[in-house]
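Trainee: I am new to this structure. Please show me how to read its features one by one.

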Amino acid sequence: MTGSPAPTSIVVRMRVNGHDCEMLVPVRLTVAELLRDRLGLTGTKVSCEMQVCGACTVVVDGDPVSSCTALACDLDGTEVLTVEGLAQGRDLHPVQEAFMEANALQCGFCTPGFIMMAVALLDACRGADQDKIREWMDGNLCRCTGYAPIETAVTLAASRMGAGSRGDDH
């Protein structure tokens with residue numbers, strides 16, 4: 001059987017942090033590589049490269065995604081949000097403010113992944129309780145904080161962002 005070989009690159013059109021983006025990407029390029037190496041958005045960290053630690057978490061169409069294993073070619077037609085896209089000018093996102101106030105960071109390496117997971121959670125379920133927060137944060141690893149300040153920060157952000165959700169209580 002003969003046929004055309006599979007493409008090695010594909011054109012991807014997406015919105016990244018509110019900006020339209022179109023580029024030719026290799027089919028094996030990960031979302032993390034696209035964000036960090038092609039778009040210069042280095043807030044997304046890569047650690048385990050196995051979808052285990054959560055450091056690379058970004059939000060795609062409202063859902064948290066491990067960017068170290070997700071393929072960039074699958075982003076066509078999506079909305080991508082990274083930690084760089086949260087602040088509005090000098091005004092930090094409520095989750096970012098809460099992380100600072102609760103001292104929910106030390107070395108800061110895991111912080112963007114935790115923040116993006118918290119943003120996804122609170123967009124889905126603003127009235128998240130402690131159990132829901134722990135459930136969602138369970139896939140993110142931190143070696144410095146002992147998790148209590150992170151949990152406090154997400155709880156603080158949840159209280160400030162108020163009740164309501166986008167409708168699907170994950």
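**Two domains and a few residues**

Mentor: The centres of domain 1 and domain 2, taken over C-alpha atoms, are separated by 21 Å. The contact takes 16 residues from domain 1 and 13 residues from domain 2, where contact means heavy atoms within 4.5 Å. Domain 1 covers 9-85 and domain 2 covers 94-161; such bounds come from an automatic or database domain assignment. This is a predicted model, in which local features need pLDDT of at least 70 and side-chain atom pairs count only at pLDDT 80 or more, while totals for chains, interfaces and linings use all residues. Residues are numbered from 1 along each chain as its sequence is written, and side-chain values use heavy atoms, with hydrogens and water left out.

Trainee: How much area do domain 1 and domain 2 bury between them?

Mentor: The size of an interface is often given as the accessible area lost when the parts come together. Buried area is that loss (1.4 Å probe), summed over both parts. Here domain 1 and domain 2 bury about 1100 Å², with 70% of it on carbon and sulfur atoms.

Trainee: How many salt bridges does the rule find across the interface of domain 1 and domain 2?

Mentor: A salt bridge is a side-chain nitrogen of Lys or Arg within 4 Å of a carboxyl oxygen of Asp or Glu. Across this interface the rule finds zero.

Trainee: Is Met116 buried or exposed?

Mentor: Buried means under 20% relative accessible area, exposed over 50%, and partly exposed in between (1.4 Å probe, protein chains only). Met116 has a relative accessible area of 1%, so it is buried. Met116 sits in helix H3 (residues 111-124); helices (H or I, at least four residues) and strands (E, at least two) are DSSP runs, numbered from the N terminus. Leaving out residues up to four places away in sequence, Met116 touches Thr57, Val58, Val59, Leu81, Thr82, Val83 and Leu86.

Trainee: Which residues other than glycine have a positive phi?

Mentor: Most residues other than glycine have a negative phi. Asn17 has a positive phi, near 50 degrees, and Asn103 has a positive phi of about 50 degrees. Asn17 lies in the loop between strand E1 (9-16) and strand E2 (19-26), and counts as buried because its relative accessibility is 17%. Asn103 is in the loop between helix H2 (94-101) and H3; at 56% relative accessibility, Asn103 counts as exposed.

Key. Buried area = accessible area lost by both parts, 1.4 Å probe.
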